[in-house]
Amino acid sequence: MGREIDVATPWGHLLAGVAAGSAASGGRSVLGPWRDLVFFGVVAVLPDLDFLPGLLLGGGPWHQGPTHSLLAAALATALCGLWGRRYGQGWLLAWCGAAVYLSHLAVDFCTVDTLAPIGLPLFWPFSPEHVTAKHAIFLDVKRRGLSWAVLAHDLKALAWETLLLGPWAGLALWLRVRRRAKHPLTGEA
Ligand SMILES: [Zn+2]
């Protein structure tokens, strides 16, 4: 595991998560019009919390470990479902959680990766292979030293993510606001 991480930004994951979660829920309010967004946002950045153990235990942040596998996505889906049962929305929250978690894997899969191991351990623990898109869409975020070149590169990565993912997240938010305006108490159609 490297001391540095080259990944998509949390901002990009948030945008993708809001769009994927809203699409999976069919634009409906599940937990509440705005609590849904918090849920989507938390699940969207969840896989990248694998950098925490490395920071806490020393040795620098870890880079796209087992939390970036389909098994982890299945586990997160089950946990969302179990949690959703408290609200009588087990299946729907499991479905939305799966969509959001997979959106994270999809964005990372399509992100330029220059630090070994390249790509995601998608089939962990059944295969040690790391996979990545042949033609990456998103730029990596560099955290190696502070320089104007690094800053300019990272701003470009942010702008590119916003350009590609922002319209979908914006559409989801707009539909939510419109629905909220029509039905202020429930947010439902
Ligand atoms: Zn990630």
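Author: A residue is buried if 20 or more other C-beta atoms lie within 10 Å of its own, exposed if 12 or fewer, and partly exposed in between. The model discussed here is predicted.

Reader: Why is L93 called buried?

Author: L93 has 28 C-beta neighbours inside 10 Å. The cut-off is 20 or more, so L93 counts as buried. This residue is in helix α5.

Reader: Which residues does L93 touch, leaving out those up to four places away in sequence?

Author: They are V30, C80, G81, W83 and G84. L93 and T77 are 16 residues apart in sequence, and their C-alpha atoms are 8.1 Å apart in space.

Reader: What makes V45 buried, exposed or partly exposed?

Author: With 16 C-beta neighbours inside 10 Å, V45 is placed in the partly exposed class, because 16 falls between the limits of 12 and 20. V45 is part of helix α2. Beyond residues up to four places away in sequence, V45 touches P10, H13 and L14. The C-alpha atoms of V45 and T9 are 9.3 Å apart, although 36 residues separate the two in sequence.

Reader: Why is E129 called exposed?

Author: E129 has 12 other C-beta atoms within 10 Å. E129 is found in the loop between α5 and α6. P117 is twelve residues from E129 in sequence and 9.3 Å from E129 in space, C-alpha to C-alpha.

Reader: What else can be said of the loop between α5 and α6?

Author: P125 also has its place in that loop. The peptide bond that joins W124 and P125 is cis, with omega at about 0°.

Reader: How many helices and strands does the chain have?

Author: There are six helices and zero strands, and the pattern along the sequence is α-α-α-α-α-α. The chain has 189 residues, of which 36% count as buried. Among contacts with a separation of 6 or more, 67% join residues 24 or more positions apart.

Reader: What span should helix α1 have, and what is the distance between its end C-alpha atoms?

Author: At 1.5 Å a residue, the 15 residues of α1 should span 21 Å, and the end C-alpha atoms are 20 Å apart, which agrees. The expected figure uses one less than the number of residues. Just after α1, G26 takes a positive phi of about 65°.

Reader: What makes α1 mostly covered?

Author: Twelve of the 15 residues of α1 are buried, among them G12, L15, V18 and S22. The cover of these buried residues includes α2, α5 and α6. α5 is likewise mostly covered, with 14 of its 20 residues buried.

Reader: How are α1 and α5 placed against each other?

Author: Two packed helices are described by the angle and the distance between their axes. The axes of α1 and α5 come within 8 Å and cross at roughly 145°, and the crossing is right-handed. Residues of α1 including A16, G17 and A20 meet residues of α5 including W95, A99 and S103. The contact is made up of nine nonpolar, six polar and no charged residues.

Reader: Which residues have the most contacts inside the largest nonpolar core?

Author: They are V18, A19, V43 and V100, in a core of 36 residues. Two or more residues come from each of α1, α2, α4, α5 and α6, and α5 gives the most, with nine. A19 is in contact with L165, W168, A169 and A172, leaving aside neighbours within four places in sequence. In soluble globular proteins, nonpolar side chains tend to be buried together.

Key
Residues numbered from 1 in each chain as written. Predicted model: local features only at pLDDT ≥ 70, side-chain atom pairs only at ≥ 80, totals over all residues. Axes fitted to C-alpha atoms, helices over the stretch in contact; angles between N-to-C directions. Helix = DSSP H or I, 4+ residues; strand = E, 2+ residues; numbered from the N terminus. Left-handed = near helix turned anticlockwise from the far one by under 90°. Contact = placed C-beta atoms within 7 Å. Nonpolar A, V, L, I, M, F, W, Y, C, P; charged D, E, K, R; others polar. Core = buried A, V, L, I, M, F, W, Y, C linked by C-beta atoms within 7 Å.
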